[in-house]
Amino acid sequence: MPAGIDCVTAVARLHGFTLGWEHLEWGSDHYRAHGRMMPVDGLETLAGYDAIFLGAVGVPDIPDVQTLWGLLIPIRRAFEQYINLRPVKTLPGVASPLADSAPIDMVVVRENNEGEYSEIGGRMYRGLEEESAVQEAVFTRRGIRRAARFAAELAAGRRGLLTSATKSNGIVHTMPFWDEVVAETVRAGFPQVRLRSELIDALAAGLVLHPHRYDVLVASNLFGDILSDLAGAITGSIGSAPSANLNPERRHPSMFEPVHGSAPDIAGQGIANPIGQIWSGAMMLDALGYPAAAAHLVAAFEAALAAGTRTRDLGGTALTEQVTAAVLTEIDSLAPNFTA
């Protein structure tokens with residue numbers, strides 16, 4: 001978080017604006033002290049901001065269900081952040097674990113408010129032989145349509161290729177419904193976009209075998225989560241992957257966070273990769289209406305990587321603060337290209 005804040009602040013200064021930061025010490029420590037991840041009025045507090053810049057949360061001694069359902073999901077749903085946007089591309093100087101060296105440049109559009117991440121269900125007969133659990137997936141026409149429309153608009157401005165993740169051969173109700181609504185949405189408003197519906201297992205294999213063929217992917221909540229992690233890994237490290245939880249209509253604040261988790265095994269050692277947080281900051285700047293500053297920040301961390309300053313997950317030896325310092329240096333050196 002300090003790396004992301006420092007870099008966002010530095011590029012904002014060069015573009016003639018400032019950001020007011022307010023630190024909210026919510027998360028695992030707050031949970032230990034109060035039994036909840038954020039205060040009772042946390043959502044009301046957040047509603048007054050223009051954007052939310054979130055660090056990865058979670059520790060081994062607190063169940064993930066608490067960290068996710070006590071913080072992230074309430075924020076995403078209260079503020080109608082129904083698009084989870086995750087760009088994935090080959091970064092300069094970063095080797096992919098794949099043998100194919102063709103450049104990768106895709107965007108995963110994940111439906112972020114419904115689908116498999118439903119609160120409907122429960123467990124009964126706990127601890128007994130007949131213990132059972134039921135989890136209901138919820139798909140609505142409105143929810144699918146708005147995700148498909150966002151993805152199609154994005155594809156129309158790129159290479160015009162849209163891949164929809166499905167499993168309609170095995171999941172007989174929700175996935176055929178997903179396929180139908182996605183196809184209807186694209187046909188109705190985006191004749192220039194080529195839509196391909198691909199089974200999730202084949203799509204996962206395709207991302208490993210020929211990721212450069214993909215442009216924009218649209219997927220349900222669960223499928224999008226899995227595919228974007230996979231896509232981040234095949235470009236070198238999930239530590240570099242950013243994300244934006246967007247309310248496209250801007251009625252509510254959007255939230256920006258790295259895809260990676262809190263990595264408690266390396267916490268406090270100064271070796272974590274800050275690029276995911278920095279890149280998320282660039283996405284935040286773009287969403288706030290500063291596209292030039294966002295492009296400047298992306299160019300800066302790409303230049304730092306190209307020059308060889310990389311953390312160990314990217315094959316380098318640099319510490320977190322060394323990567324941050326290199327990005328800050330590049331922000332200054334590249335300023336004439338973006339602020340003239």
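Is F53 buried or exposed, and what is its relative accessible area?

Guide: In this predicted model, F53 has a relative accessible area of 12% and is therefore buried, the cut-off for that class being under 20%. The structure contains four aromatic pairs. One of them joins F53 to W21 in a tilted arrangement, with 5.7 Å from centre to centre and 50° between the planes. This pair connects distant parts of the chain, since F53 belongs to strand β1 (residues 51-53) and W21 to the loop between α1 (2-14) and α2 (28-34), a separation of 32 residues. W21, at 30% relative accessibility, counts as partly exposed, whereas F53 is buried.

A further pair is formed by F139 and W178, whose ring centres lie 6.3 Å apart with the planes at 85°, so the geometry is edge-to-face. F139 is located in the loop between β5 (132-135) and α5 (141-156), and W178 in helix α6 (residues 174-189); the pair therefore ties together parts 39 residues apart in sequence. F139 and W178 are both buried.

An aromatic ring also takes part in a contact with a charge: the charged end of R146 sits over the ring of Y82, 3.9 Å from the ring centre.

Burial is likewise a feature of strand β3 (residues 105-111), where six of the seven residues are buried, so the strand is largely enclosed by the rest of the structure. Strand β2 (residues 83-89) runs antiparallel to β3 and is joined to it by seven bridges, while strand β8 (residues 216-219) pairs with β3 in the parallel sense over four bridges. Within β3, V109 is the bridge partner of L85 and stands opposite V218 in β8.

Definitions and conventions: Residues numbered from 1 in each chain as written. Predicted model: local features only at pLDDT ≥ 70, side-chain atom pairs only at ≥ 80, totals over all residues. Heavy atoms only, no water. Buried < 20%, exposed > 50% of the residue type's maximum accessible area, 1.4 Å probe, protein only. Helix = DSSP H or I, 4+ residues; strand = E, 2+ residues; numbered from the N terminus. Pairing = 2+ DSSP bridges. Phe/Tyr/Trp six-rings, centres within 6.5 Å; stacked < 30°, edge-to-face > 60°. Lys NZ or Arg CZ within 6 Å of the ring centre and 35° of its normal.
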